[in-house]
Amino acid sequence: MRPEIVLFGDSITEQSFRSGGWGAALADTYSRKADVKVRGYGGYNTRWALFLMQHLFPLDSKKPPAAATIFFGANDAAILGRTSERQHVPVEEYKENLRKIVLHMKECSPTILIVLITPPPVDEDGRNEYARSLYGEDAREEPERMNEVTGVYAKKCIELAEEMSLRSINLWSKLQETEGWQKNFLSDGLHLTPEGNAVVHQEVVRVFREAWFSAEEMPHDFPHHSDIDGKNPEKAFQQQCT
């Protein structure tokens, strides 16, 4: 049976199977080698994600995931006193919630490969432009998220990965290495463009490859068509499926 990769996160994960999405690209990379399952929940923070753990990752599962990405923080970092404050989670609680998510997954499967992904950077002007496109000139004047604040959450995510000896991707820093990242990688100041999705895909593949989960080294689940003898097809299946 194919191993499973679970992508767990907020809307950036939920949208990852759209055209040009990083989840769809990952499924293509692992085609016939691993099944990629999307468990993304738009608007969710780590506090709300904890309520899902027993449902998504039951401890008595007979087939726990072999690998998982945990990609939260964009909503936790919402600013208090502004329009998205109900999503706000204090940064220390955010870190501890991530720890609880990781510990639950490891209890579900001690050998699971876990990759923590930080929230992406925030283009505050882009967020305001997006709000005006929806609500006109009466839209908020102050951004509901700030890049500097999100960077604090990203730092805590990386700290936790180091403390727990986990693989991680500092997406907040990675995207900002490119000039013009605001428009190149973010569609509305927060969510990813196809180019931003491509960066996430490349980084996840790189981290999986550096661990023990390289697609290139995994077998296909059934014989390649070129190995099947048209006159004696049973032979190829007997050799690989027994």
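Predicted model: local features only at pLDDT ≥ 70, side-chain atom pairs only at ≥ 80, totals over all residues.
**Entry 1: the main core**

I started with the largest nonpolar core, which has 34 residues; I5, W22, L26, Y30, V204, F208 and F213 touch the most other members. By nonpolar core I mean buried Ala, Val, Leu, Ile, Met, Phe, Trp, Tyr and Cys residues joined through side-chain atoms within 4.5 Å. Buried is under 20% relative accessible area, exposed over 50%, partly exposed in between, with a 1.4 Å probe and protein chains only.

Residues are numbered from 1 along each chain as its sequence is written, and side-chain values use heavy atoms, leaving out hydrogens and water.

Which elements supply at least two residues each of this core? I found β1, α2, β3, β4 (113-117), α8 (171-176), α9 (181-185) and α10 (194-210). Helices are DSSP runs of H or I with at least four residues, strands are E runs of at least two, and both are numbered from the N terminus. The most comes from α10, with 6 residues.

I then checked V204: leaving aside neighbours within four places in sequence, V204 is in contact (heavy atoms within 4.5 Å) with W22, L26, T69, I117 and I169. There is also a second, separate core of 27 residues, with V6, M53, I101 and Y153 among them.

**Entry 2: aromatic rings**

My search of the whole structure gave 10 aromatic pairs. Rings of Phe, Tyr and Trp (its six-membered ring) pair if their centres lie within 6.5 Å; planes under 30 degrees apart are stacked, over 60 edge-to-face, the rest tilted.

F8 and F72 are edge-to-face, at 5.0 Å centre to centre and 80 degrees between the planes. F8 sits in strand β1 (residues 4-9) and F72 in the loop between β3 (67-71) and α5, so this pair ties together parts 64 residues apart in sequence. Both F8 and F72 are buried.

W22 and F71 make a tilted pair, 6.0 Å centre to centre with 55 degrees between the planes. This one links W22 in helix α2 (residues 22-29) to F71 in strand β3, 49 residues apart. W22 counts as buried because its relative accessibility is 0%; F71 counts as buried at 1%.

I also noted a cluster that ring pairs build from Y30, F208, W212 and F213.
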